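This briefing covers pockets and ligand contacts. Please look over the sequence and the structure before reading the points.

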Amino acid sequence: MLIAENLLSIKNNLPEQVTLVAVSKTKPISDLMQAYDAGQRIFGENKIQEMEGKWEQMPKDIQWHMIGHVQTNKVKFMAAFVSLIHGVDSFKLLKEVNKQALKNNRIIDCLLQMHIAEEETKFGLDEEELNSILASSEFKEMKNVRITGLMGMATFTDNQDQVKKEFSQLKSIFDELQSQETENCQLKTLSMGMSGDYKPAIEIGSTMIRIGSSIFGAR
Ligand SMILES: *Cc1c(COP(=O)(O)O)cnc(C)c1O
């Protein structure tokens with residue numbers, strides 16, 4: 001029952017405003033069910049097909065979050081059930097989510113992923129791209145997506161000052177955008193922080209943390 005213990009020891013120490021996403025990628029359903037039985041209802045996956053398989057087999061009161069990079073041609077496989085897409089990092093992808101959501105007669109909540117890390121390899125938008133999406137009339141007319149916040153990943157480093165600096169940068173973009181709310185853009189979620197850096201992320205203002213290895217063990 002280590003999974004349940006790990007989960008509860010994290011969850012019981014979180015501030016009230018912080019939501020925990022249990023990142024279960026690569027883990028078998030039996031592991032996820034241990035977390036489920038301990039009360040967890042939000043799971044994060046980074047591969048659409050794997051998430052779809054788990055969704056089919058697991059209880060239907062689970063909220064499935066897509067936390068990984070999403071290929072446009074795969075959106076259709078999750079559009080019927082995904083509850084939040086964290087990694088929307090292009091206008092093209094947002095348009096496809098809107099299209100597939102419409103086909104399923106749904107409104108899909110999305111976070112825009114911002115590039116805050118030093119590494120070139122991490123996906124995400126810069127501020128200019130973010131502003132141009134939100135300002136466009138095409139976005140304003142989209143009826144089947146709702147931007148509910150931002151997501152970001154800090155550089156993978158032991159340098160705590162750098163991690164905090166990157167999270168603070170994301171938090172200030174998030175704060176600035178609060179004034180620009182529209183019908184399909186209502187920022188309430190700031191998804192930042194993983195097993196190694198969720199504590200500084202929360203200090204800086206994260207409202208959603210994505211924790212994998214500290215709950216389920218190393219992958
Ligand atoms: C895998 C993953 C996590 C969880 O990472 P851990 O270090 O295992 O907590 C969080 N966010 C994203 C985007 C991931 O891909």
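The model is predicted.

**Largest pocket**

- The lining of the largest pocket is made up of 27 residues, and the closest to the pocket centre are Lys 122, Met 153, Phe 156, Met 194 and Arg 210.
- By class, the lining of the largest pocket counts 10 nonpolar, 11 polar and 6 charged residues.
- At least two lining residues of the largest pocket come from helix H7 (160-177), and at least two come from strand S8 (208-211).

**Residues around the ligand**

- The shell around the ligand consists of Val 23, Lys 25, Ile 67, Met 151, Met 153, Met 194, Ser 195, Arg 210, Ile 211, Gly 212, Ser 213 and Arg 219.
- This shell divides into 6 nonpolar, 3 polar and 3 charged residues.
- Met 153, Met 194 and Arg 210 belong to the residues around the ligand, and each is also listed among those closest to the centre of the largest pocket.

**Polar contacts and burial of the ligand**

- Gly 212 places a backbone N or O atom 2.8 Å from an oxygen atom of the ligand.
- Ser 213 has a polar backbone atom 2.8 Å from an oxygen atom of the ligand.
- Arg 219 has a polar side-chain atom 2.8 Å from a ligand oxygen atom.
- The ligand taken alone exposes 390 Å², of which the protein buries 89%.

**Second largest pocket**

- The second largest pocket is lined by Asn 46, Lys 47, Ile 48, Gln 49, Gly 68, His 69, Val 70, Gln 71 and Lys 74.
- The lining of the second largest pocket divides into 2 nonpolar, 5 polar and 2 charged residues.

Notes: Residues are numbered from 1 along each chain as its sequence is written. This is a predicted model: local features need pLDDT of at least 70, side-chain atom pairs count only at pLDDT 80 or more; totals for chains, interfaces and linings use all residues. Side-chain values use heavy atoms; hydrogens and water are left out. On a 1 Å grid over the protein atoms alone, a cavity is a set of points where a 1.4 Å probe fits but cannot get out, and a pocket is an open set with protein on both sides within 12 Å along at least five of seven lines; lining residues have an atom within 4 Å of a point. Helices (H or I, at least four residues) and strands (E, at least two) are DSSP runs, numbered from the N terminus. Ala, Val, Leu, Ile, Met, Phe, Trp, Tyr, Cys and Pro count as nonpolar, Asp, Glu, Lys and Arg as charged, and the others, Gly among them, as polar. A residue is near a molecule or strand if one of its heavy atoms lies within 4 Å of it. A polar contact is a pair of N or O atoms within 3.5 Å; within protein, one must be able to donate a hydrogen and the other to accept it, and residues adjacent in sequence count only if both atoms are side-chain atoms. Accessible areas come from the Shrake-Rupley method with a 1.4 Å probe; for residues, only the protein chains shown count as cover.
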